[in-house]
Amino acid sequence: MPAGRFRSGRFRKVFVKTPGGRTTIHYRERKPQRAKCASCKKVLAGVPRERPAIFANLPKTAKRPERPYGGVLCSACMRTRLQQQTRGSA
Amino acid sequence: MSIFEVGRLCVKIAGRDAGNRCVIIEKMDDHFVVVDGATRRRKVNINHLEPLQDLITIKANASHEEVGKQFEKLGLAVWNTKPKPAVTRPTRHKVIKNATPEPKPTKKAVKNVVSTEAPLTT
């Protein structure tokens with residue numbers, strides 16, 4: 001039976017072959033899923049998949065693209081949104 | 001007769017400076033224009049611009065200062081890069097291995113000094 005702390009959906013089993021010929025199980029943490037666009041649900045580019053502890057220590061520019069709504073909307077959705085804002089206000 | 005002509009105010013839709021106002025100062029061909037204003041002076045695809053109804057009276061290839069003046073009249077922000085003052089880098093005190101340590105200032109043994117002055121008596 002795995003140790004109590006590994007009995008969670010957060011961990012995945014990796015079967016590792018040892019030099020002695022045995023196959024052991026290594027428990028590795030799962031990475032979170034990729035970030036999705038808030039409107040079209042496409043996978044967002046420029047947002048890394050890291051657990052919160054690592055993500056928090058990344059510099060701000062390494063976590064999202066350097067444009068408005070970066071990390072929230074994909075580039076296409078951002079463009080249509082800005083277009084509609086401009087046309088609506090003009 | 002395209003809407004993208006010299007003097008047309010536009011909003012940038014794509015890029016780092018998306019959402020910023022800019023004015024067309026030169027038309028290069030059917031697809032590209034040169035733009036200045038609240039964005040840096042650069043060549044831009046017209047697909048990445050959303051034109052506004054305003055037309056500014058400005059000459060083709062106007063300098064950045066002239067564009068800035070026109071923008072300030074309208075109350076719009078202008079892109080400006082200020083040169084940063086030169087700052088001296090903080091120096092690190094290098095630790096040299098196997099160096100003889102500096103001789104510490106030795107304290108001289110202080111004997112009980114008997115003052116020759118007469119003690120203060122009130």
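How exposed is B:Asn61, given as a relative accessible area? B:Asn61 is partly exposed, at 46%; the classes are buried (under 20% relative accessible area), exposed (over 50%) and partly exposed in between, with a 1.4 Å probe and protein chains only.

The model is predicted: local features need pLDDT of at least 70 and side-chain atom pairs pLDDT 80 or more, while totals for chains, interfaces and linings use all residues. Residues are numbered from 1 along each chain as its sequence is written, chains are lettered from A and ligands numbered from 1 in the order in which they are written, and side-chain values use heavy atoms, without hydrogens and water.

**View 1. Two loop residues with positive phi.** B:Asn61 sits in the loop between strand 5 and helix 1 (64–74) of chain B, and its phi is near 60°. In chain A, A:Lys41 has a phi of about 65°. A:Lys41 belongs to the loop between strand 2 (23–29) and helix 1 (52–57) and is exposed, with a relative accessible area of 56%. Most residues other than glycine have a negative phi.

**View 2. Chain A overall.** Along the sequence, chain A reads β-β-α-α, with 2 helices and 2 strands. Helices (H or I, at least four residues) and strands (E, at least two) are DSSP runs, numbered from the N terminus. Of its 90 residues, 14% are buried.

**View 3. Helix 2 of chain A.** The 15 residues of this helix (75–89) should span 21 Å at 1.5 Å a residue, and the end C-alpha atoms are 21 Å apart, which agrees. The expected span is 1.5 Å times one less than the number of residues. The buried residues are A:Cys77, A:Met78, A:Leu82 and A:Thr86.

**View 4. Helix 2 of chain A against chain B.** The buried residues of the helix pack against strand 1 (8–12) and strand 5 (49–55) of chain B, where contact means heavy atoms within 4.5 Å. B:Lys12 lies in strand 1 and is buried, with a relative accessible area of 3%. Beyond four places in sequence, B:Lys12 touches residues including A:Leu82, B:Asp17, B:Thr39 and B:Leu49. A polar atom of the B:Lys12 side chain lies 3.4 Å from the backbone oxygen of B:Ala14.

How values were computed: Polar contact = N/O pair within 3.5 Å; in protein donor to acceptor, adjacent residues only side chain to side chain.
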